Amino acid sequence: MFFMQTLSLLQIAPTLAKFFEVHLNSQARPVEQILNFAYSRKPVPKVVVLVVVDSLDFRFYTDFADDLRVIHECVKGDGLLFECETVSSHTTPVIGSILTGLKPEEHGILTNDDVGKSKIKSIMEILEDEGQKTAAAIETKGAEPLWGRISYVFAVDDREDIFEYDELIKKHTISVLKKQDLRLVFSHLRAIDRFAHRGGDLSAAAKATNKNIKAITKAVGERNGLLFICGDHETHLKDRKAKQALHRKATVPLIVCCP
Ligand SMILES: [Zn+2]
């Protein structure tokens with residue numbers, strides 16, 4: 001089901017906080033449709049997997065629908081699809097916002113150098129403070145502030161072979177889902193972003209992403225979990241930039257489903 005109302009990526013963390021009944025400071029409102037969807041499941045999901053697909057904007061999501069079939073099928077099943085405004089065109093501040101519900105100027109994580117310096121807690125840390133276990137499969141630098149703060153940290157070194165990188169992220173995401181007391185997993189797939197920046201074959205990157213999402217989807221389904229998939233910012237494509245500037249700001253998709 002596609003909702004016409006445009007959301008903001010800032011609403012993801014407040015929605016997760018409300019779902020898990022923990023307190024999070026944010027001006028952004030939880031998304032009622034997502035909460036109703038989650039609560040209406042029998043059984044109500046115990047674990048949520050949040051996958052950020054780097055550089056997946058709404059236009060890319062529709063342009064590469066054939067290659068991103070698994071994500072589209074999540075929506076066609078009985079999943080939810082929203083269009084979200086983002087908060088920056090750079091990955092680090094957006095991920096900070098997805099995980100805190102705060103704008104970049106509020107959480108202060110603007111560059112890689114700021115990672116770990118913010119006093120603001122992510123939704124994972126808030127859950128851990130309440131005794132709820134969480135995990136993250138993320139690039140080594142982004143993982144640094146999470147060591148010792150959350151139950152399971154899977155740090156994956158950046159590398160030339162981005163397919164290998166995503167493969168590891170997927171593997172860790174699936175393996176940690178075997179932990180029965182886990183409540184939230186965050187993971188970050190990067191192939192589309194890398195290929196967009198380097199002018200690579202975007203269809204190949206989309207297909208690889210689709211395959212990883214397919215495996216994650218299966219694992220989430222086996223746990224009766226709730227899956228969130230979203231982009232972080234507009235796809236950084238050279239030939240699209242000029243055109244984009246004439247149009248309204250790029251939006252990113254947010255998909256929520258129980259596979
Ligand atoms: Zn990004």
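**Sheet, helices and core**

Colleague: At about what angle does helix α2 run to β3?
Modeller: Helix α2 (residues 32-40) lies across β1, β3, β7 (226-231) and β8 (251-257). Helices (H or I, at least four residues) and strands (E, at least two) are DSSP runs, numbered from the N terminus. Axes are lines fitted to C-alpha atoms, for helices over the stretch in contact, with angles from 0 to 180 degrees between N-to-C directions. Helix α2 runs to β3 at about 155°.

Colleague: What kind of model is this?
Modeller: Residues are numbered from 1 along each chain as its sequence is written. Local features need pLDDT of at least 70, side-chain atom pairs count only at pLDDT 80 or more, and totals for chains, interfaces and linings use all residues, as the model is predicted.

Colleague: Which are the edge strands?
Modeller: The sheet is open, with mixed pairing and the order β1-β3-β8-β7-β2-β6-β4-β5. Strands pair if DSSP finds at least two bridges between them. Two of them pair on one side only: β1 (2-8) and β5 (152-156).

Colleague: What is the bridge partner of F2 in β3?
Modeller: β1 and β3 (residues 80-85) run parallel, joined by four bridges. In β3, F2 has as its bridge partner L81.

Colleague: Which residues is F228 in contact with, leaving aside its neighbours within four places in sequence?
Modeller: F228 is among the residues with the most contacts inside the largest nonpolar core. Contact means C-beta atoms, placed from the backbone, within 7 Å. With those neighbours left aside, F228 touches I12, V48, L50, V51, L254 and V256.

Terms used: Contact = placed C-beta atoms within 7 Å. Core = buried A, V, L, I, M, F, W, Y, C linked by C-beta atoms within 7 Å. Buried ≥ 20, exposed ≤ 12 C-beta atoms within 10 Å, placed from the backbone.
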